[in-house]
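Subject: A structure for you to explore

Hi there,

I am passing on the structure we talked about, and I would like you to have it open while you read. Below it you will find my notes on what turned up.

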Amino acid sequence: MKKPDSVIFKKHLMKLSLEELTAYLKEYEKVRQVKVLDQINQMKQEEIQTKLEVLAPVSACPSCNSDNFVKNGSKYGLQRYYCKNCKTTFALTTDTFMEGTNWTWEVWVKLVQMTVNNFSLDEMVDTLEKDYHLDGITRNAVHLARHKLLHAMSLMPKPTLTGIVQVDETFFRENQKGTRTDLGKKLINVVPNVIPVRLRRKGYVPSRLGTMSPEHVCVVCAVDNHNRAVSIVISMGKVNPQQFTDHFDQYFQDITYLCSDGSPIYNDYCGLKSIPHYVRPSSFITTLRQKGYVPGVRGGSNDEAINELYQNNKKIAAQLYADGLLDYIETASSMPFKEFCKIKYEYARVKYNKPEQLVDVVNSAFHQAVPS
């Protein structure tokens, strides 16, 4: 058999990803009866170390947080360190989700992307097999990797929210999946006054007390106009004002407006902190439609029928606002409808482009409208 041209072969080789090269080497090992994957794994570790040295260079011992450490050789391509304070050794990947991994940096980046975008396990396995040549990867391996990522994300510091902040709560059914009842562990009964024993659920089982009962976990989510977000599991069942304050006050700074539905939790917080409170009831859209409001109609049209619809929409909205059935500013209930609309439209205009101007406009309009 004619030997392939070395130049052409080298060009083809240089185009291969590390995963593709690994796939070829697995076949090479079978044919030649040699072991080369150990060196491949070392290359992967060195690649990860190079990336981490740029993004997060080692600054302290992961065991005792001391900065009194020195280099201590290398193992499997990773630089090791020795802590003189607690007498332990560690590497850049120690106590991270990449510790002991045989996957490349690119695979982990893709896993993060798929986890954040809520890919299913089957979709993740399929992508890793087709695009990264991880043949034979199991759902269990991807499941464990995803949990490592989720745990690491949960430890990330939460941002400070400023400016206009929107907040709302959502509820998830209490779930104790993974509790090994076969090993003698018991499920926690969250409603002992209703059911004597918490049994395992198979399939859909309706709750006894409704969404806001202790059968559901309350997660409160807040996002500001810079798209910084904070989500916290606060309670079993309905959250109270004190719980909201305890969990979220540390992440709020210089709030211009707190925007929420009509829950009294947020009204109490705004009253306590003297923050203007914009309220949009959950029934906002339904109320407008029931009263005959037609969405999407704009004024200034050459069509008289459209202009008539527009004027009718204005009358409906103004009347509903006067009746307290639409959105409003809690601490400025006597604000004229026209002035209220001005604030809303100005907010929409500068929401993403000029947040500092928005603060001045909203504060000025708010304080002028509040009766002395």
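**The chain as a whole**

In this chain, 51% of the contacts with a separation of 6 or more are between residues 24 or more positions apart. Please keep in mind that this is a predicted model. The secondary structure comes to twelve helices and nine strands. Of the 372 residues in the chain, 34% are buried. The chain exposes about 24200 Å², and carbon and sulfur atoms supply 52% of that area.

As a reminder, strands of a sheet pair through backbone hydrogen bonds, either parallel or antiparallel. You can follow both kinds here:

- β5 and β6 run antiparallel and are joined by seven bridges; Val-223 has Ala-229 in β6 as its bridge partner.
- β4 and β5 also run antiparallel, with nine bridges between them; Arg-173 is partnered by His-216 in β5.
- β4 and β7 run parallel, joined by five bridges; Gln-166 has Cys-259 in β7 as its bridge partner.

Leaving out residues up to four places away in sequence, Phe-252 touches Leu-161, Val-165, Ala-222, Phe-244, Leu-258 and Tyr-269.

**The three-stranded sheet**

There is also an open sheet of three strands, in the order β1-β2-β3, with antiparallel pairing. Here β1 (69-75) and β3 (89-91) are the edge strands; each has a single partner strand, so one side of each lacks a neighbour in the sheet. From one strand to the next, the twist averages 35°. Strand β2 (residues 78-83) is joined to β3 by three bridges, and Arg-80 stands opposite Ala-91 in β3.

Is Arg-198 buried or exposed? You will find Arg-198 in the loop between β4 and β5. With 11% relative accessibility, this residue counts as buried, because the cut-off for buried is under 20%. Apart from its neighbours within four places in sequence, Arg-198 is in contact with Glu-174, Gln-176, Leu-187, Ile-188 and Asn-189. With Glu-174 there is a polar contact between the side chains, at 3.0 Å. Ile-188 is ten residues from Arg-198 in sequence, and their C-alpha atoms are 6.5 Å apart in space.

Asn-225 sits in the loop between β5 and β6. Its relative accessibility is 6%, so Asn-225 counts as buried too. The side chain of Asn-225 reaches the backbone nitrogen of Ile-164 at 3.0 Å.

**Two backbone angles to look at**

Most residues other than glycine have a negative phi. Against that background, have a look at these two residues:

- Asn-118 has a phi near 60°, a positive value. This residue is in the loop between α4 (105-116) and α5 (121-132), and at 67% relative accessibility Asn-118 counts as exposed.
- Asp-254 has a phi near 55°, also a positive value. Its place is in strand β7, and Asp-254 is exposed, with a relative accessible area of 62%.

Enjoy exploring, and write back with any questions.

Best wishes

Key. Residues numbered from 1 in each chain as written. Predicted model: local features only at pLDDT ≥ 70, side-chain atom pairs only at ≥ 80, totals over all residues. Heavy atoms only, no water. Contact = heavy atoms within 4.5 Å. Helix = DSSP H or I, 4+ residues; strand = E, 2+ residues; numbered from the N terminus. Buried < 20%, exposed > 50% of the residue type's maximum accessible area, 1.4 Å probe, protein only. Areas by Shrake-Rupley, 256 points an atom, 1.4 Å probe, with all protein chains shown as cover. Pairing = 2+ DSSP bridges. Axes fitted to C-alpha atoms, helices over the stretch in contact; angles between N-to-C directions. Polar contact = N/O pair within 3.5 Å; in protein donor to acceptor, adjacent residues only side chain to side chain.
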